[in-house]
Amino acid sequence: MKALVYLCSMFLIAVGYGQTPEAPNGYKWVKNEKFSDEFNDSILDATKWYDRSPYWVNGRPPATFRAYSVSVKDGALQIKNSVLEGDEKYNIAGGAVASVAKDAFYGYYETKMLASSISMSSTFWLKNKPVSDDCPQEQLELDILEVVGQQKKGGDFRETMRSNAHIFHRNCKGEKEVKSTTGPGAVISPPANEAYHVYGCWWVDAKTLHFYLDGEFQYTINPSTFYRENPFNRPMYMHMVTETYYWETPPTPKELADDTKNTTYYDWVRSYKLEKIE
């Protein structure tokens with residue numbers, strides 16, 4: 001029976017379907033449509049997604065975000081990176097697709113993605129804003145996946161699944177502190193820019209994050225904090241982003257002009273929450 005279950009799981013991944021973890025006794029997984037999309041239409045569904053994130057508008061130099069970088073075609077969400085002319089601070093156009101809904105909470109989140117082959121990131125993550133303008137302030141970020149399809153320097157972000165839990169805390173003096181808990185990583189084979197893979201996270205509770213690659217459990221992150229006991233206990237919005245990193249050499253204009261390398265593809269994104277079985 002175990003062999004049959006395993007073969008069925010591998011078949012589902014091969015044909016493009018994700019696989020939720022086994023639900024706890026007495027519960028079932030139910031699709032969360034606000035954070036799910038098969039991207040089979042000809043345009044981005046504006047009821048679910050912003051084509052330029054209102055939560056992180058400009059991004060990190062030298063790349064910024066442009067709505068024209070984002071398209072839906074051939075059954076995938078595509079973010080095409082390109083040269084941006086006429087801006088002293090930013091000279092690369094990337095993309096940041098964000099969910100309209102901001103109440104992603106405990107549940108399972110996954111995407112089937114093919115990274116670009118340039119030295120920009122291909123990412124899938126959740127974040128929120130501070131509850132108010134009063135101090136202290138806190139933001140949470142759950143990086144389900146960060147990969148870079150072309151390595152020029154730095155660590156291996158091409159063949160390793162990178163995941164993080166960040167807590168950004170600003171006290172009443174305006175001082176900012178960051179507490180980060182990073183997963184050990186998992187081997188991506190073939191590399192992230194050579195084949196589609198399914199990347200997922202089960203946000204179990206305020207202290208527990210399980211990460212999956214192609215339907216298989218890989219590791220757990222237990223977010224640590226410096227000022228309260230249950231750190232990951234607020235809803236978030238979703239992001240699918242291509243950006244530049246300070247520690248990685250940006251792509252050249254020639255690399256950005258190569259349509260065989262410059263695009264990240266999201267075949268689908270699927271999200272689920274647990275409901276009690278009646």
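The legends below describe close-up views of a predicted model. In this predicted model, local features need pLDDT of at least 70 and side-chain atom pairs count only at pLDDT 80 or more, while totals for chains, interfaces and linings use all residues. Residues are numbered from 1 along each chain as its sequence is written, and side-chain values use heavy atoms, with hydrogens and water left out.

**View 1. The aromatic pair of Trp-29 and Tyr-108.** Rings of Phe, Tyr and Trp (its six-membered ring) pair if their centres lie within 6.5 Å; planes under 30 degrees apart count as stacked, over 60 as edge-to-face and the rest as tilted. This rule gives 19 aromatic pairs. In one of them, the centres of the Trp-29 and Tyr-108 rings are 6.2 Å apart with the planes at 55°, so the pair is tilted. Trp-29 belongs to strand E1 (residues 27-31) and Tyr-108 to strand E8 (residues 107-114), so that the pair links parts of the chain 79 residues apart. Helices (H or I, at least four residues) and strands (E, at least two) are DSSP runs, numbered from the N terminus. Trp-29 is buried, at 16% relative accessible area, and Tyr-108 is buried at 1%. Here buried means under 20% relative accessible area, exposed over 50%, and partly exposed in between (1.4 Å probe, protein chains only). Ring pairs join Trp-29 and Tyr-108 with Trp-202, Tyr-212 and Phe-217 in a cluster.

**View 2. The aromatic pair of Tyr-50 and Tyr-55.** This pair is edge-to-face, with 6.1 Å from centre to centre and 80° between the planes. Tyr-50 is partly exposed at 32% relative accessibility, whereas Tyr-55 is buried at 13%.

**View 3. Arginine charges over the rings of Tyr-246 and Trp-268.** A charge sits over a ring if NZ of Lys or CZ of Arg is within 6 Å of the ring centre and within 35 degrees of the ring normal. The charged end of Arg-60 is placed over Tyr-246, 5.4 Å from the ring centre. Arg-270 lies over the face of Trp-268, with 3.8 Å to the ring centre.

**View 4. The largest pocket.** On a 1 Å grid over the protein atoms alone, a cavity is a set of points where a 1.4 Å probe fits but cannot get out, and a pocket is an open set with protein on both sides within 12 Å along at least five of seven lines; lining residues have an atom within 4 Å of a point. Grid points are joined across faces, edges and corners, and a volume is the space filled by probe spheres set on the points. The largest pocket holds about 480 Å³. It is lined by 25 residues, of which Trp-56, Arg-60, Glu-141, Phe-168 and Glu-243 are the closest to its centre. Two or more lining residues come from each of strands E9 (121-127), E10 (137-148), E11 (160-170), E12 (176-182) and E17 (237-242). E11 contributes the most, with 5 residues. By class, the lining has 9 nonpolar, 7 polar and 9 charged residues. Ala, Val, Leu, Ile, Met, Phe, Trp, Tyr, Cys and Pro count as nonpolar, Asp, Glu, Lys and Arg as charged, and the others, Gly among them, as polar.

**View 5. The second largest pocket.** Its volume is about 180 Å³. The lining consists of Gln-19, Thr-20, Pro-21, Glu-22, Trp-202, Tyr-212, Gly-215, Glu-216 and Phe-217. These residues divide into 4 nonpolar, 3 polar and 2 charged. Trp-202, Tyr-212 and Phe-217 also belong to the ring cluster of View 1.

**View 6. The largest cavity.** The whole structure contains 1 cavity of 30 Å³ or more. The largest cavity has about 40 Å³ of space. Asp-37, Phe-39, Asn-40, Asp-41, Ile-43, Leu-44, Asp-45 and Val-72 line the cavity, with 4 nonpolar, 1 polar and 3 charged residues among them.

**View 7. The surroundings of Ser-116.** Ser-116 lies in the loop between E8 and E9 and is buried, at 1% relative accessibility. Leaving aside residues up to four places away in sequence, Ser-116 is in contact (heavy atoms within 4.5 Å) with Asn-81, Ser-122, Gly-149, Asn-193, Lys-261, Asn-262, Thr-263 and Thr-264.

**View 8. Backbone details at Pro-62 and Asp-74.** The peptide bond between Pro-61 and Pro-62 is cis, with omega about 10°. Pro-62 is in the loop between strands E2 (49-50) and E3 (63-65). Asp-74, although not a glycine, has a positive phi of about 55°. Asp-74 is in the loop between strands E4 (70-73) and E5 (76-80) and is exposed, at 77% relative accessible area.
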